[in-house]
Amino acid sequence: MQMRKVIKFFIIIGILIIATPVLAVQLNLESDIETVNVGQKFWLNLMLAPEGETINAIKATVNYPQDKLTLININDGGSIISSWIEVPDIKNNQTTFAGIIPGGFSGVLNPFHSEIMPGKVISLEFLVNKGGEIKIDLNNLQVLLHDGVGTSVDTRVMAFEIIPTEKIISSSPKKEVEDLEAPEPFTFQIIKDESIFENQYVLIFNTQDKDSGIDHYEVQEGNLDFKIAKSPYLLENQYLNGKIIVKAIDRAGNERISRVGPPRQDNLLERYWKFFIVLLIIIMLISIFFLKRSIKNNEN
Amino acid sequence: MLVKKGKINGLILIIILGLFLIYPNFFVNADTINISVIVHICGDNIQESGENCDGSDLAGQSCIGLGHDSGTLTCSLDCTFNVSQCENDPDDPGGGGGGGGGIPTPVETSVTFSGRAYPWSEVFVLKDSQIVASTVAGPDANFLVTLTDLSAGDYTFSLYAEDLEDRRSSLITFSTYVSYGNQTLVSGFFISPSIDIDKSQVKRGDNIAIFGQTTPESEVTIAVNSDVQHFKTTDSDEDGIYLYNFDTAVLEMGDHITKSKTALNGDISNYGQALGFIVGDTNIIKEDDPGSGCGIVADVNYDCRVNLVDFSILAYWYQKSSPPEHIDLNDNGVVNLVDFSIMAFYWTG
């Protein structure tokens with residue numbers, strides 16, 4: 001009887017040792033501030049610590065008390081996400097984002113640290129509107145493994161909590177680092193595919209900005225005005241006989257331009273074939289008219 | 001006795017349930033890719049592998065140690081020895097050299113990658129998922145490639161190799177911090193072998209040829225997944241070519257996959273791409289389906305690559321109803337994050 005109890009005890013201990021999660025994938029909302037006052041702004045970083053896993057896709061909504069905080073700025077500069085499916089943007093005072101890391105993310109190797117470091121997903125700037133306990137958390141979270149089938153992985157979220165003080169803090173606000181660098185050089189592609197836009201020509205583009213992140217892209221076709229664009233972008237000029245310029249603009253206003261001359265030489269016959277056919281018919285009708293009149297005159 | 005047996009079964013069930021609750025992915029056969037690379041910085045005053053010296057750390061070397069007669073050895077900004085202040089005795093016939101000096105050139109922010117691929121293979125470097133550089137490995141399969149003109153910040157780099165028959169290795173991906181004005185050296189890459197098979201279906205009991213390219217004269221382990229996993233080893237030749245004729249008598253009828261990895265001088269690569277084949281009643285020679293590009297999963301425009309174009313096509317159908325069959329990668333009727341995760345796994349840049 002005593003022996004059985006001992007065996008049971010060791011089995012339970014064994015299960016606990018085996019089953020205790022070593023480390024789970026973590027998403028941490030971190031800030032270097034310890035106190036904040038009403039009326040002040042602060043930055044929050046969302047960091048992904050894969051803890052031994054390899055992650056390649058992530059989607060989440062940032063959840064915060066909208067009466068106490070206003071989300072005023074987002075920075076995806078230096079993000080581990082290289083291709084955004086849903087670009088992090090402020091819509092209805094909240095943000096949802098989704099993106100992938102081709103090849104997977106297992107942590108940042110940093111020569112100055114022996115351990116593998118977490119990677120930044122996005123940074124968020126908030127303005128404190130009123131006092132009271134504040135909790136910033138993530139909703140609708142999906143973190144997927146780099147396993148070829150998109151297996152969902154359990155993720156521990158470390159929410160950010162703070163109670164703003166009403167009194168004015170004497171310390172001067174942290175000076176933000178100025179972004180003077182343009183987005184990274186890039187090229188764009190002109191493709192057409194039966195799966196999208198009814199097989200019409202579209203532009204494909206993407207680049208990164210390591211400081212403030214990409215704010216938006218603009219496209220200019222020929223001498224038309226620049227238009228705000230998103231890849232894939234349906235070209236207005238399907239004849240491709242005008243120059244194309246794509247501009248990437250970061251959140252600090254720096255620009256990087258990529259351009260090509262007219263991808264195709266202007267083919268007037270191809271462009272105005274309907275006009276040429278109408279013209280041909282008119283010429284033929286006029287010719288027939290004069291021919292008939294000439295025959296008639298000869299007969300008379 | 002029966003009660004005891006029932007209790008034991010109950011206990012086993014509890015253990016399994018406990019494991020399943022705590023590790024939901026316990027029974028998922030998810031291959032994780034581990035990378036083992038070394039990152040060094042030129043400029044941190046610590047001489048590391050790939051550097052002659054670093055700042056004040058001369059690795060115990062001196063002018064005399066380098067064959068000069070006297071003088072002061074210094075370290076250049078690119079972490080190579082600067083012998084401009086070393087002196088040689090004019091009477092010494094073995095002397096010479098010296099001179100140089102002048103204004104030091106500013107150091108670029110750069111990252112250098114080195115490691116092993118396959119002899120004469122093309123090695124591609126992806127920066128933040130787009131191809132930015134390539135190089136050709138030497139006859140010993142070693143490669144070295146440098147990226148310059150980088151800003152400081154976190155980068156995700158990936159590498160893969162294309163063998164002499166244009167077969168691609170799986171991607172090695174890692175993220176690292178690049179600091180301004182420093183040369184970051186990332187060494188120790190060991191690219192997994194390329195792999196191919198001669199039959200898409202093999203008659204049970206016949207051989208299936210499993211072959212590819214890797215580092216020369218290394219040991220290749222070939223794994224064939226079945227109810228029981230089979231491991232076979234073979235050696236690559238001086239060109240890195242390996243071939244193993246696997247006897248399928250030990251396999252059950254049905255679907256199987258095979259993959260390979262390489263070991264050389266104590267270093268072991270990860271397993272490379274997995275290829276599927278069927279054990280059946282007849283032999284069918286493996287041929288690429290011309291209607292499906294190169295047969296790469298997630299190559300939705302059939303150009304034999306998985307890159308930004310495929311991503312954009314998928315993004316066009318994101319959360320839209322009734323996507324084309326070939327766009328919906330997991331066949332669940334909608335393009336969502338899982339489809340993008342599958343694409344990210346098969347990315348080639």
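This is a predicted model: local features need pLDDT of at least 70, side-chain atom pairs count only at pLDDT 80 or more; totals for chains, interfaces and linings use all residues.
How many of the seven residues of strand β6 of chain B are buried?

**Figure 1. Strand β6 of chain B is largely enclosed by the rest of the structure.** The strand covers residues 110–116. Seven of its seven residues are buried, so β6(B) is largely enclosed. Ser110(B), Thr112(B), Ser114(B) and Arg116(B) point one way. Val111(B), Phe113(B) and Gly115(B) point the other way. Both sets are buried.

**Figure 2. β6(B) pairs with β12(B) and with β9(B).** Strand β12 of chain B spans residues 183–190. It runs parallel to β6(B), and six bridges join the two. Strand β9 of chain B spans residues 142–147. Its pairing with β6(B) is antiparallel, again over six bridges. Thr112(B) shows both pairings: it stands opposite Leu185(B) in β12(B) and opposite Thr146(B) in β9(B). Strands of a sheet pair through backbone hydrogen bonds, either parallel or antiparallel.

**Figure 3. Ser151(B) makes a polar contact with Glu181(A).** Ser151(B) sits in the loop between β9 and β10 of chain B. Is this residue buried or exposed? Its relative accessibility is 13%, under the 20% limit, so Ser151(B) counts as buried. The polar contact runs from side chain to side chain, at 3.0 Å. Beyond residues up to four places away in sequence, Ser151(B) touches Glu181(A), Glu184(A) and Lys210(A) of chain A, and Val178(B) of chain B.

**Figure 4. Five strands from chains A and B form an open sheet.** The order is β7(A)-β11(B)-β10(B)-β7(B)-β8(B), with mixed pairing. Which strands stand at the edges? They are β7 (108–109) of chain A and β8 (130–136) of chain B. Each has a single partner strand, so one side of each is left without a neighbour in the sheet. Strand β7 of chain B, residues 122–127, runs antiparallel to β8(B). Six bridges join this pair. In one of the residue pairings, Lys127(B) has Gln130(B) in β8(B) as its bridge partner.

**Figure 5. The largest nonpolar core has 36 residues.** Phe42(A), Phe97(A), Val121(A), Phe126(A) and Ile136(A) touch the most other members. Elements of chain A that give two or more residues include β1 (25–30), β2 (41–49), β6 (95–105) and β9 (134–145). A second, separate core has 34 residues, among them Ile100(A), Ile196(A), Tyr160(B) and Trp347(B). In soluble globular proteins, nonpolar side chains tend to be buried together.

**Figure 6. Phe126(A) is in contact with residues including Phe42(A) and Ile136(A).** Neighbours within four places in sequence are left aside. Other contacts of Phe126(A) include Leu44(A), Val62(A), Tyr64(A), Leu69(A), Leu71(A) and Ile72(A). Gln40(A), Lys41(A) and Thr70(A) are also in contact with Phe126(A).

**Figure 7. Helix α2 of chain B packs against elements of chains A and B.** The helix covers residues 308–316. Eight of its nine residues are buried, so α2(B) is largely enclosed by the rest of the structure. These are Leu308(B), Val309(B), Asp310(B), Phe311(B), Ser312(B), Ile313(B), Leu314(B) and Tyr316(B). In chain A, they pack against β5 (83–86), β6, β12 (189–191) and β13 (202–204). In chain B, they pack against β8 and α3 (337–345).

Technical notes. Residues are numbered from 1 along each chain as its sequence is written. Chains are lettered from A and ligands numbered from 1 in the order in which they are written. Side-chain values use heavy atoms; hydrogens and water are left out. Buried means under 20% relative accessible area, exposed over 50%, partly exposed in between (1.4 Å probe, protein chains only). Helices (H or I, at least four residues) and strands (E, at least two) are DSSP runs, numbered from the N terminus. Two strands pair if DSSP finds at least two bridges between them. A polar contact is a pair of N or O atoms within 3.5 Å; within protein, one must be able to donate a hydrogen and the other to accept it, and residues adjacent in sequence count only if both atoms are side-chain atoms. Contact means heavy atoms within 4.5 Å. A nonpolar core is a set of buried Ala, Val, Leu, Ile, Met, Phe, Trp, Tyr and Cys residues joined through side-chain atoms within 4.5 Å.
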